[in-house]
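Please look through the sequence and the model shown here before reading on. The paragraphs that follow go from local contacts to the protein as a whole.

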Amino acid sequence: MSNMTITKFDIADYLDNEEMIAEYLNTVLEDGDSSDLIVAIGHIAKAIGMTKIAEKTGMSRPSLYKALADGAKPQFETIMKVLKAVGGQINIKPSS
């Protein structure tokens, strides 16, 4: 029997291009709630690098971690800053 190492799944490991990031955000927007969206944006920021996102948003890394933590309720302005920094945008379309 061989030794198997089990590693924890981390979605951030797979968010390595703009298409994957957009697909992930769209899925969360369709299926999740606002807290799911905040966590998803946190995953994306982690994948890109919190230091880089902090520089682009003008926020500190600790503030970013706090704003994007599970259960956090960041201001809408913060969400928009981070979305812009990760290359995302919100589009509205009529519901079917």
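Two residues are said to be in contact when they have heavy atoms within 4.5 Å of each other. With neighbours within four places in sequence left aside, Thr78 is in contact with Met59 and Ala67. Thr78 lies in helix H5, which covers residues 76-85, where helices (H or I, at least four residues) and strands (E, at least two) are DSSP runs numbered from the N terminus. At a relative accessibility of 14%, Thr78 counts as buried; the word buried stands for a relative accessible area under 20%, exposed for one over 50%, and partly exposed for what lies in between, with a 1.4 Å probe and protein chains only.

Some words on the source belong here: this is a predicted model, in which local features need pLDDT of at least 70 and side-chain atom pairs count only at pLDDT 80 or more, while totals for chains, interfaces and linings use all residues. Residues are numbered from 1 along each chain as its sequence is written, and side-chain values use heavy atoms, with hydrogens and water left out.

The overall plan of the protein can now be described. Its secondary structure comes to 5 helices and 0 strands, and reading along the sequence gives the pattern α-α-α-α-α. The C-alpha trace spans about 55 × 40 × 25 Å along its principal axes. Of the 96 residues in the protein, 31% are buried. Among the contacts between residues at least 6 apart in sequence, 47% join residues that are at least 24 apart.

The C-alpha atoms of Ile44 and Leu83 are separated by 9.2 Å, although the two residues are 39 residues apart along the chain.

Side chains of opposite charge can pair when their charged atoms come close. The structure holds 1 salt bridge, a term that requires a side-chain nitrogen of Lys or Arg within 4 Å of a carboxyl oxygen of Asp or Glu. In this salt bridge the side chains of Asp10 and Lys46 meet, at 2.5 Å from N to O. The pair links distant parts of the chain, since Asp10 belongs to the segment before helix H1 (18-31) and Lys46 to helix H2, 36 residues apart. Asp10 counts as buried at 19% relative accessibility, whereas Lys46, at 46%, counts as partly exposed.

The segment before H1 also contains Asp13, which counts as exposed at 56% relative accessibility. Between the C-alpha atoms of Asp13 and Ala47 there are 6.5 Å, while 34 residues separate the two along the chain.

A pair of aromatic rings is described by the distance of the centres and the angle of the planes. Rings of Phe, Tyr and Trp (its six-membered ring) pair if their centres lie within 6.5 Å, and planes under 30 degrees apart count as stacked, over 60 as edge-to-face and the rest as tilted. A search of the whole structure finds 1 aromatic pair. Why does the pair of Phe9 and Tyr14 count as stacked? The ring centres of Phe9 and Tyr14 are 5.5 Å apart and their planes stand at 20°, so the pair is stacked. Phe9 is exposed, with a relative accessible area of 57%, and Tyr14 counts as partly exposed at 45% relative accessibility.

Two further residues show how distance along the chain and distance in space can be set side by side. Gly88, in the segment after H5, counts as partly exposed at 21% relative accessibility. Gly88 and Glu18 are 70 residues apart in sequence, and 8.3 Å apart in space from C-alpha to C-alpha. Ser35, for its part, lies in helix H2 and counts as partly exposed at 26% relative accessibility.
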